[in-house]
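Hi,

Here is the model I said I'd pass on.

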Amino acid sequence: MREIVLDTETTGLDPLRGDRLVEIGCVEIVNRFVTGQVFHRYINPERPMSPEAFAVHGLSDAFLADKPVFRQVAEEFLAFIGDDPLVIHNASFDMGFLNAELKRMKKGSLAADRVIDTLAIARRKHPGQQNSLDALCARYGIDNSRRSRHGALLDAEILAEVYAELTGGKQSSLLLGASSDRDGGSGPDSAERAQQRAQLLAIHLITEEERALHRAFVAEMGDKALWKAYWAEAEKAVVEPPPA
């Protein structure tokens, strides 16, 4: 199952008062494994940065001045996320900003029912405890030493690992420790990342041809074959939504 782990940075806290997106970071995961496929863009917000927001992410007006505005990256962003579930920490914040930007373009909103909010999962799993991204990293022993300041792509990469822990499966991606490509896939290590992604998918995902051959083999084993029960459970896991 394909899911998109997503994070944003903004000029402030309230899109209804004119605050805008300045960064979007998305990480593709398939069956809870990070594939190395990312979407990352800095965005010119067409308004000044608040001092409070700058203190969080360090993105200045000067840095963002020559970046594309949201409408210039919107189609590419929407194509990347497709119709797949969105994994977001404190999802109401990011969704509020994304939908405000889409509304400015007179495009349809992203549906709330496609969102998996890891903050809500963490609060149910660890009631009465701190459940910020940093707190969850500390709880699960996840290295977030690179996170001296907030950054959308870096936070999405870390959240992918946290999400795997929250839902019971240790994240074993080979790519989480790799340096982020801050230019959206065109940096000097992009060829290496693409090769790693191909190797990862080859290791963890079987092909449809292999699946069909195995089903044919199992069919010859009779109705009481244990593999038939396994296939039933595997198909159930694919079609059911992840645990909340």
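**What I found**

Strand 1 (residues 2-10) pairs with strand 2 (residues 21-30) through nine bridges, in the antiparallel sense. Strands here are DSSP runs of E with at least two residues, helices are runs of H or I with at least four residues, and both are numbered from the N terminus. Two strands count as paired if DSSP finds at least two bridges between them.

Before going further, some housekeeping. This is a predicted model, so local features need pLDDT of at least 70 and side-chain atom pairs count only at pLDDT 80 or more, while totals for chains, interfaces and linings use all residues. Residues are numbered from 1 along each chain as its sequence is written, and side-chain values use heavy atoms, with hydrogens and water left out.

**The sheet**

On to the next pair: strand 2 and strand 3 run antiparallel and are joined by seven bridges. Here Ile24 stands opposite Arg41 in strand 3. These two strands form a hairpin with two residues between them, and Asn31 in the turn has a positive phi of about 55°.

What is the order of the strands in the open sheet? There are five of them, arranged 3-2-1-4-5 with mixed pairing. Strand 3 (33-42) and strand 5 (115-117) are at the edges with a single partner strand each, so one side of each has no neighbour in the sheet. From one strand to the next, the twist averages 25°.

Helix 3 (residues 70-81) packs on the sheet and touches strand 1, strand 2, strand 3 and strand 4 (86-88). The direction of helix 3 makes about 170° with that of strand 3. Helix 5 (residues 118-125) lies across strand 4 and strand 5, at about 40° to strand 5. For these angles, axes are lines fitted to C-alpha atoms (for helices, over the stretch in contact), and the values run from 0 to 180 degrees between N-to-C directions.

In total, the protein chain has 10 helices and five strands.

**What is inside**

Of the 244 residues in the protein chain, 45% are buried. Buried means under 20% relative accessible area, exposed means over 50%, and partly exposed is in between (1.4 Å probe, protein chains only). Strand 2 is largely enclosed by the rest of the structure, because 10 of its 10 residues are buried.

Which residues have the most contacts inside the largest nonpolar core? They are Val5, Val27, Val162 and Leu166, in a core of 23 residues. Strand 2, strand 3, helix 5, helix 6 (133-140) and helix 7 (152-166) are the elements that give two or more residues to this core. Helix 7 gives the most, with nine residues. A nonpolar core is a set of buried Ala, Val, Leu, Ile, Met, Phe, Trp, Tyr and Cys residues joined through side-chain atoms within 4.5 Å.

Leaving aside neighbours within four places in sequence, Val5 is in contact (heavy atoms within 4.5 Å) with Gly25, Cys26, Val27, Ile29, Val87, Ala156, Leu159 and Ala160. There is also a second, separate core of 22 residues, which includes Leu21, Ile24, Phe80 and Leu86.

Among contacts in the protein chain with a separation of 6 or more, 66% are between residues 24 or more positions apart.

**The rings**

The count of aromatic pairs comes to four. Rings of Phe, Tyr and Trp (its six-membered ring) pair if their centres lie within 6.5 Å; planes under 30 degrees apart are stacked, over 60 edge-to-face, and the rest tilted.

One of them is Phe39 with Phe77, a tilted pair at 5.8 Å centre to centre with 50° between the planes. Phe39 is in strand 3 and Phe77 in helix 3, 38 residues apart. Phe39 also forms a tilted pair with Phe80, at 6.0 Å centre to centre and 35° between the planes.

The charged end of Arg41 sits over the ring of Phe39, 5.0 Å from its centre. Likewise, the charged end of Lys67 sits over the ring of Phe63, at 4.0 Å. The rule here is NZ of Lys or CZ of Arg within 6 Å of the ring centre and within 35 degrees of the ring normal.

Cheers
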